[in-house]
Amino acid sequence: MDLDGRVAIVTGSGGGLGRSHALYLARKGARVVVNDLAQESADQVAAEIVAEGGEALAIAGSVTDEKAMAALVTRVVDAWGRVDILVNNAGILRDKSFAKMSLDDFRLVIEVHLMGAVICTKAVWEMMRAQRYGRIVMTTSSSGLYGNFGQANYGAAKMALVGLMQTLAIEGEKYDIRVNCLAPTAATQMTEGVLSPESLRLLDPARVSPGVLALVGEDAPTRTVLCAGAGNFATANVTLTHGYHAGAGEDAGEAVIAHWAEVTDRDGEIVPAYGFTQAEREVARAGLTSPVLESQR
């Protein structure tokens, strides 16, 4: 058992992808907290886990409710003493073209996907720091990484989760808190009517969940975006090109345009270790050979 004795919370796990994650983690030895809006749905999945010989708690509550999520964590700690793994899976869709999308629908999707993950992560963060161990998975999407028609709200929320992951991974590193993103493609209620029946068959959520194991185990990476679907696994990266130094002259704008091929040339691009890498490279290209940022003094 890869996760024997570990305690995992999976939000939105009363069905679909979250259910698959919960069942998979339980089969790998984790004690699993099944969270869903509906108590009945959570109970059913928890019962499945118990029937297979695992341990589960079913706790209903909205990820957007700070008090409910704090109470959930308290209940888990009372029962099992700790929380080792958090899989932020809960989500909704309110798809429309941006021209037709209401601001209420935009805010709602941001609230559930982004703020829901923030609230749940905040609820376990101090405990993970104190125990010097934690594994957190954010659920991003190719819609956020690359865009998708009719999903401005969803894409914005999902890319925001990548930014959240990047910073929390840096802040959690010395506490052995590893934070990653999963970008799943799975046949769920959220994808019905979008993909063909054959595609939906291949995109069984069970073919995504094994990727979660790679992100929450003892030797998990950190700051990784794992794309998973139909049994295929790949990583996505936010990269930085070498670029072109145009200087500060009056014609700098024209120089950028004239050298656009160099600005966008991906040969030799890097995955920055942290956000200030961009500033360090920029001042170095401007002639400062040993740039020292104020935040590093």
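Colleague: What covers the buried residues of helix H2?

Modeller: The cover includes helix H1 (16-27), strand S2 (31-36) and strand S3 (56-60), with contact taken as heavy atoms within 4.5 Å. Helices (H or I, at least four residues) and strands (E, at least two) are DSSP runs, numbered from the N terminus. This is a predicted model, in which local features need pLDDT of at least 70 and side-chain atom pairs count only at pLDDT 80 or more, while totals for chains, interfaces and linings use all residues. Residues are numbered from 1 along each chain as its sequence is written, and side-chain values use heavy atoms, with hydrogens and water left out.

Colleague: Which residues of H2 are buried, and what makes them one face of the helix?

Modeller: Ala42, Val45, Ala46 and Ile49 are the buried residues in H2. Viewed along the axis of H2, they fall within an arc of 100 degrees, so they line one face; the arc is taken from the directions that run from the helix axis to the C-beta atoms. An α-helix has 3.6 residues a turn, so residues three or four places apart point the same way. On the other side of H2, Glu40 and Ala51 are exposed. Buried means under 20% relative accessible area, exposed over 50%, and partly exposed in between, with a 1.4 Å probe and protein chains only.

Colleague: How do you know that the span of H2 agrees with its number of residues?

Modeller: The expected span is 1.5 Å times one less than the number of residues. For the 13 residues of H2 (residues 39-51) that gives 18 Å, and the end C-alpha atoms are 18 Å apart, so the two agree. Just after H2, Gly53 has a positive phi of about 95 degrees.

Colleague: What makes H1 a mostly covered helix?

Modeller: Nine of the 12 residues of H1 are buried, among them Leu17, His21, Tyr24 and Leu25. The buried residues of H1 pack against S1, S2, H2, strand S4 (85-88), S6 and helix H8 (210-216). H1 reaches 17 Å from its first C-alpha to its last, close to the 16 Å expected. Gly29 follows H1, with a positive phi near 105 degrees.

Colleague: Why is Phe98 with Phe106 called edge-to-face?

Modeller: Rings of Phe, Tyr and Trp (its six-membered ring) pair if their centres lie within 6.5 Å; planes under 30 degrees apart count as stacked, over 60 as edge-to-face, and the rest as tilted. By this rule there is one aromatic pair. Phe98 and Phe106 have ring centres 6.4 Å apart and 80 degrees between the planes, which makes the pair edge-to-face. Phe98 is exposed at 59% relative accessibility, and Phe106 is partly exposed at 21%.

Colleague: What makes a set of residues a nonpolar core, and which have the most contacts inside the largest one?

Modeller: A nonpolar core is a set of buried Ala, Val, Leu, Ile, Met, Phe, Trp, Tyr and Cys residues joined through side-chain atoms within 4.5 Å. The largest has 39 residues, and Ile9, Leu72, Val76, Ile136, Met138 and Val179 have the most contacts inside it. Elements giving two or more residues to this core include strand S1 (7-10), helix H4 (103-131) and strand S6 (177-184). H4 supplies the largest share, nine residues. A second, separate core of 30 residues includes Val10, Val34, Ile85 and Val216.

Colleague: Why is Gly229 called buried?

Modeller: The relative accessible area of Gly229 is 12%, which puts it in the buried class. Gly229 is in strand S7 (residues 225-229) and touches Thr185, Leu203 and Val208, leaving aside residues up to four places away in sequence.

Colleague: What makes Gly249 partly exposed?

Modeller: Gly249 has a relative accessible area of 40%, so partly exposed is the class. It is in the loop between strand S8 (232-236) and helix H9 (252-258).
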